[in-house]
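Let us walk through this structure one interface at a time. Keep the sequence and the model side by side as you read.

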Amino acid sequence: MITVTVNGQRHDIDADPNMPLLWAIRDILGLTGTKYGCGAAQCGACTVHLNGESIRSCCTKLSRAAGQQIITIEGLSANNNHPLQLAWNEMNVPQCGYCQSGQLMSAAVLLRENPNPTDQDIDDAMSGNICRCGTYQRIRAAIHRAADLAREGAKS
Amino acid sequence: MKKLIFLSIMLAITSIVALSFKAEPAKKKNRVTVVKDSIGSVKAFMSVYKVLMSPRCMNCHPAGDQPLQGDDNHIHTMSVKRGVDGHGVYSMRCSNCHQAENDPGVHLPPGNPKWGLPPANMRMVFQGRTPRELALQLLDPKQNGGRTKAQLIDHMANDGLVGWAWHPGIGRTLPPMTRAAFAAQVRLWIAKGAYAPGAKAK
Amino acid sequence: MSDISRRHFIKTTGTAGVALWLGISAKGSTRKVTDVATAKNFNPLILVESNGNITIYNTKPEMGQGTFQSMPAMIAEEFEVSLDQITIKNTNGEKEFGDRQRAGGSSSIRTTYNDMRKIGAAAKAVFISAAAKHWQVDESTCYAENSKVIHKPSNKSLTYGELVEEASKIELPKEPKLKDPKDFKILGKVSKRPDIPLKTSGKAVFGIDVILPDMLYASVERCPVLGGTLKSFDASEALKMPGVEMVVETERIVGKYHFTGVAVVANSYWNALEGRKKLKIQWDTAGHETFNSNEYENNLRKLASQEGVIDKNTGAIDTVKTSPQNTVEAFYETPMIAHHTMEPMNCIAHVQGDKAEVWTSTQVPSSIVGGGSNDVPKLAGFAPENVKLHSMFIGGGFGRRLYPDYVIEALNVAKQVSKPVKVIWSREDTTTQGPFRPMTFSQLSGTFSDDGKLVAFKHKVISPSYQESVRKDFDKTKVDGTMVEGIGEQDYEIPNIKTSYVRADYHVPVAAWRSVTSSTLAFAHECFIDELAVKAGKDPLDFRMELLSQPSDTKRIFQKLRELSGWDEPLPKNKGRGVAQWKFFAGQCAQAVEVSYDPALKTVKIDKVTAVIDLGEVVNPDNVKNQTEGAVVMALTAAIKPGITFKDGKVVESNFYDNPVLRMNEMPVVNVHVLAEGGKIKGVGEPGLPPFAPALANAIFAATGKRIRKMPFDLKIS
């Protein structure tokens, strides 16, 4: 039995400790916002936060998450209102949308650590997340927009 | 004539290096005293150098601020950056993908608890360094993380992340000699005087 | 039957009180609708319930191209409802929604634009009539807005919900009056796609996300040598693995090819994958294990000497005098590539007796419930009425999900399992098992007259055949129209044109890939036009414009591109611009690419891409821009990243580490201009793709003098 806290809720998971965290999150906890894309830490579709770091859950064993705090896309905000989600919605970023959970989880770490990222910072943070539909230009713009929204939110 | 000048310069520099070695004689009490031997020392270092320049070692000691991958030393896909602490930036921290151990399978992320590059303030570049440059750099506490020679030997012989190079996981070529042989060559290099190869050594 | 379309008074379970369905008819396969009122095959796309709920059905699966918003938008505009007042539902191949429930060929809007507006307008007219009758006023004094009918003089109003019962007694007008486009509130405006909040919160349910009670998971081992067949397998070790419940054979059918695999069924996907590693399988690979793509490419080069089958032959090309002085010849090559949808292939199937239920992401719901060239019930052994589909959001299609091979394979697993089973392809499976876009090689020549006019143009395509792969009865003596797509259709005025096709034998299943063969042929064709411009000593855009004396879409698009790209502004040394366009079945786009060359690093950087896409009519311009930006990304990936190669019969590449796609740090700036000035209605999803690679290669030539004739190519110039 492995105890993991996901989006603030404690779960006791009875599974192979070597099972990738991704499959525990999706198939056992039923949180399917986190996606399978490559199984090789190449595409970032499976990105979740482990103690605040945007790990690739497809290559992270369940055992690493034991006793740790996991946040998935479902827990990024209370009501789809993280500044990044607001910016993504405002700027019509997604196409098929499959990669966007991972994109948002990666961008959330960037924005937390750097409230005013440059294009270079965005490249450095986001090149681990593939979008086959090619929404990179919009993701870039939406991260800048979210930085603005976060600043406005902080002022008000 | 040229050769002679070159040789004398080398001797001058190695004598400085040898001088600094004298600062730590205490531990050597029980060891068989090895006579300083610049030729033997350089020879040992050249073996060490081949290991350090092998992909398993050099890929995380790049000239730039991006780690390398593969036996062709290409820049790490997804444009990974060193970061201040050598462990990446933002959502691209090393441990976001690299686990405490190798993921099983070809091309899956290799792993180690300490996975990372040297930090930005102590970059310890291997890539592009000549044998001479690398030897001097390794011996310079200002560039080697403040390590004494004993600590340098210990790092090469016992450090867990260094040791990963000999357990790199499926599909990755090994350094050109065993770790034990490598450690022995490091010891020999230093014991024989820690001489740096000449500027033309390749 | 016609009563249904007249009265539309259908009580449906789950609807509130009286429910009114309004729809459109399809006559034959052309699906041209002129008479809503006497429709026979009624497709009920609007549902209005007496509690005020309004549902609009989307028959075109949503794969990122925006149909979830754009299809209902065309109806809603004329029906006078706003998109936040309606519920949008994707259809699941149900017979009543017709047999055109498929998304491909950039066809969703361009083939339904007038029909969808007409159904919306007819529905609105019915509600206005009902209100006028209720108030006993003249219809002309009433108008509809925000799902209400308003009596203008008195300002009283009734909602569509309140009018349902009366409206259901009124006949639909035969020729409903359509709105003047200047009064549009939704069409042509930037509007929000309602699927976006679902996709930013993790709530959108893709096929792979469906979880059913008691569901099992399966992973299938398929022969790594494509074409190999199953001899025998030993599942004893796999069956000892934790959670593994059973191991079964399964058949996948893609086009004319039948492949057998071995499925490990387990209580979790992870356990299925672990169990799969323990399978011991004997494959018969005889005849296929020596296949190497470099040898195959040599074969294609050799075949170029064959005459081939004539596709188009205008003028009298064989009488044109050619000499080395007045003729340019070139040979272009492109690779095989994979689709790499981010959502790997997957399907959940539940078979109970002779009935099957399927949950999946597919571009072809209609095929999954029967009909068309990929008739899933027929291929999987079910009566069409016994197959029920749940069509989910699609995590990327790009043509791959036009082929329901993964559905057939899952059904064949599920037949042997009592519970629902979710078959998930790994990324490696998705990369190595095809179908793939085939390579095309092109032999081109152009001849100038003594006074410097381009008088003859030949384009011969040498490639495997798409049609031969997808159908058993393909006539090999005929030209495969798919493989010469677009090359005889360009607007350039050249008096003598000959296009032809040399078919090469192949055993690898091939697929349409976003913009189909235009994704390779435009590269050859439009780069070669550039070579001809160089021969003529002319600016590449001027040279093209000189071939466009008559009014044409191409001419109009180029004029706009010239202006927006700053084509005529001089560039400094080591910078260059390239241009290309492509006209094909899906639509038309032209692009200008600006690059800089760094002589120290010997690398080219893409500074700017300007795209002009011509649509005739536009539904959601911001979405068109997003689509075109994405098309550029996909085209850039195809241009500079490795393709799929074979060694010893096996695909060499397996995942993004050796079959990479473009990432954020490689993204160029893309500016898209949407032309919607009337004229032929054109598609959105694909046209942005074909012109990019040739425009880039032409720009590289302009900056460096290096002519690129082979994809993929490196931005490092050697």
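Start inside chain C. The centres of domain 2 of chain C and domain 3 of chain C, taken over C-alpha atoms, are 37 Å apart. The bounds of these domains come from an automatic or database domain assignment. For chain C it gives domain 1 (2-186), domain 2 (207-287 + 345-424) and domain 3 (304-336 + 437-704).

A word on the ground rules. This is a predicted model, in which local features need pLDDT of at least 70 and side-chain atom pairs count only at pLDDT 80 or more, while totals for chains, interfaces and linings use all residues. Residues are numbered from 1 along each chain as its sequence is written, chains are lettered from A and ligands numbered from 1 in the order in which they are written, and side-chain values use heavy atoms, with hydrogens and water left out.

Now see how domains 2 and 3 of chain C meet. Contact means heavy atoms within 4.5 Å. By that rule, 14 residues of domain 2 touch 20 residues of domain 3. Together the two domains of chain C bury about 1300 Å², with carbon and sulfur atoms giving 63%. Buried area is the accessible area (1.4 Å probe) that two parts lose on being put together, summed over both. On the domain 2 side, C:Leu226, C:Lys256 and C:Phe398 lose the most area to domain 3, together 42% of what that side buries.

C:Lys256 also has a charged partner. Its side chain meets that of C:Glu468 in a salt bridge, at 3.9 Å from N to O. The term covers a side-chain nitrogen of Lys or Arg within 4 Å of a carboxyl oxygen of Asp or Glu. The count between domains 2 and 3 of chain C is 1 salt bridge. There are also 7 residue pairs in polar contact across this interface (both at pLDDT 80 or more). A polar contact is a pair of N or O atoms within 3.5 Å; within protein, one must be able to donate a hydrogen and the other to accept it, and residues adjacent in sequence count only if both atoms are side-chain atoms.

Next, turn to chains A and C. Here 51 residues of chain A contact 61 residues of chain C. The buried area is about 4500 Å², and carbon and sulfur atoms give 54% of it. In chain A, the residues that lose the most area to chain C are A:Gln95, A:Arg132 and A:Gln137, together 19% of what that side buries. Chains A and C share 4 salt bridges. Polar contacts between chain A and chain C link 33 residue pairs (both at pLDDT 80 or more).

What do they share? In this interface, 4 residues of chain B are in contact with 4 residues of chain C. The pair buries about 430 Å², 61% of it on carbon and sulfur atoms. B:Met78, B:Ser79 and B:His107 supply 73% of the area that chain B buries against chain C, more than any other three residues. Between chain B and chain C there are 0 salt bridges. The polar contact rule finds 1 residue pair there (both at pLDDT 80 or more).
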